[in-house]
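Good morning, everyone, and thank you for coming. Please take a moment with the sequence and the structure on the screen, and then we will go through a few places together.

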There are 2 protein chains.
Amino acid sequence: MPVPVEFWFEYASTYSYLSAMRIEHVCSERGVKLIWKPFLLGPIFSSQGWRDSPFNIYTAKGEYMWADMAREAARLGLPFNKPRLFPQSGLTAARITCAHAKADWIGQFVRDIYTANFVTGSDISDPLTLATLLNPIVPDPASVLSDARSEAVKMALRDQTEQAAKLGIFGAPTFRVGGEIYWGNDRLDQALLAALANA
Amino acid sequence: MPVPVEFWFEYASTYSYLSAMRIEHVCSERGVKLIWKPFLLGPIFSSQGWRDSPFNIYTAKGEYMWADMAREAARLGLPFNKPRLFPQSGLTAARITCAHAKADWIGQFVRDIYTANFVTGSDISDPLTLATLLNPIVPDPASVLSDARSEAVKMALRDQTEQAAKLGIFGAPTFRVGGEIYWGNDRLDQALLAALANA
């Protein structure tokens, strides 16, 4: 059995989109177990002294990122539209994902949130957007949404974000395989190879 | 004819090493003209408020980079030893490279400097190291070294660094092909494909 791949991602992150749309498919294709690990970059960036996305703070890097994203999305056959607002707050979506990381609908939810952010340009912090996306895929969307406001769920996401920092995770997406971390959409293939090599 | 690939690199940069060791070979293999563009990251980082390598400032990112470099070097079949001093000053080496970017020995010199920095752990700012590397590959190493101290050569490297910033270059290695930039060793293949597509 290959070792599992942990997928550490943040809904605001552009390069996480490129991985999130493909990872469930490529993992299942190769028989690799996937573990969804949503977390927040905000507190991690904050501890590095950044109060905004580094792509907004460092403008040359930001301008490059948007050009590179368009090229990489095209190369991977994924639709992509630069959102009007960047970064969006994926806090509630991340709480939902953290609370239901093992649900059979979670992969679809993850892809729907990223599509809302980076394709259709919807407000992913709006409970109405979340309800609209949850409606067709979960039996009881109202309780999923209200659960997301519980202290237990808030705490679970906070804990997971602290765990990310402890593991040395500083950006998203990050893949964690057998204790090693691989940062960036460009490392998805290497992470999968490591999962298969550690079998 | 494919359009040329400009290779913008900095001798202190770890990921530039991974590209520099391969680029002359892969370009010649595919019939792509290579233009060597040494520049300095120092002034560019400085203008972003960094007085050291971001890998030293942001420790989690730095720790990851050294692990990733070891893995990537192994994957590419390149030797790699973490240098005791990072970043080294490649100022004189960059001046020499800038002044002789079209010389037939320049590819060898570039690879020798990177090998000194990231394999044998020599001091690449030491004129003795430079003389030792130049000796077997240029007819008159003493004049190459003294030229590197001339105002004209100093100015040429300063101009090239300013041009990098104007082109939106914020890190190294960067490949520039037909007006578009590609950042990072991970983008070497895409840059080559772009050069061939623009033929």
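**Helix packing, aromatic rings and prolines**

Let me begin in chain A, where helix 1 of chain A and helix 10 of chain A cross in a right-handed manner. Please keep in mind throughout that this is a predicted model. Two packed helices are described by the angle between their axes and the distance between the axes. For helix 1 (residues 14-30) of chain A and helix 10 (residues 188-197) of chain A, the axes come within 11 Å and the crossing angle is roughly 30°. Because angles under 35 degrees count as roughly parallel, helix 1 of chain A is described as roughly parallel to helix 10 of chain A. If you look at where they touch, helix 1 of chain A contributes R22(A), I23(A), V26(A), C27(A) and R30(A), and these meet L188(A), D189(A), L192(A), L193(A) and L196(A) of helix 10 of chain A.

Now please turn to chain B, where helix 5 of chain B and helix 9 of chain B pack with their axes 9 Å apart and at an angle of about 90°. These two helices, helix 5 of chain B and helix 9 of chain B, are therefore roughly perpendicular to each other. On the side of helix 5 of chain B the contact is made by L91(B), A94(B), R95(B), C98(B) and A99(B), while helix 9 of chain B brings V153(B), K154(B), A156(B), L157(B) and Q160(B). Here the residues of the contact between helix 5 of chain B and helix 9 of chain B divide into 7 nonpolar, 1 polar and 2 charged.

Next come the aromatic rings, of which the structure holds 46 pairs over all chains. One of these pairs is F170(B) with W183(B), whose ring centres are 4.8 Å apart and whose planes stand at 55°, so the pair is tilted. Since F170(B) lies in the loop between helix 9 (151-166) and strand 3 (174-177) of chain B, and W183(B) lies in strand 4 (residues 180-183) of chain B, the pair ties together parts that are 13 residues apart in sequence. F170(B) counts as buried at 5% relative accessibility, whereas W183(B), at 31%, counts as partly exposed. In chain A, one aromatic cluster includes W36(A), W66(A) and F118(A).

Finally, let us look at some prolines. In chain B, the peptide bond from F86(B) to P87(B) is cis, with omega near -5°, and P87(B) is found in the loop between helix 4 (59-75) and helix 5 (91-99) of chain B. Another cis peptide bond joins A172(B) and P173(B), with omega about 5°, and P173(B) has its place in the loop between helix 9 and strand 3 of chain B.

In chain A, P87(A) sits in the loop between helix 4 (59-76) and helix 5 (91-99) of chain A, and with a relative accessible area of 32% P87(A) is partly exposed. How many residues apart in sequence are P87(A) and A12(A)? They are 75 residues apart in sequence, and yet 5.2 Å apart in space, C-alpha to C-alpha.

Terms used. Residues numbered from 1 in each chain as written. Chains lettered and ligands numbered in written order. Predicted model: local features only at pLDDT ≥ 70, side-chain atom pairs only at ≥ 80, totals over all residues. Heavy atoms only, no water. Axes fitted to C-alpha atoms, helices over the stretch in contact; angles between N-to-C directions. Helix = DSSP H or I, 4+ residues; strand = E, 2+ residues; numbered from the N terminus. Parallel < 35°, antiparallel > 145°, perpendicular 65-115°, else oblique. Left-handed = near helix turned anticlockwise from the far one by under 90°. Contact = heavy atoms within 4.5 Å. Phe/Tyr/Trp six-rings, centres within 6.5 Å; stacked < 30°, edge-to-face > 60°. Buried < 20%, exposed > 50% of the residue type's maximum accessible area, 1.4 Å probe, protein only. Nonpolar A, V, L, I, M, F, W, Y, C, P; charged D, E, K, R; others polar.
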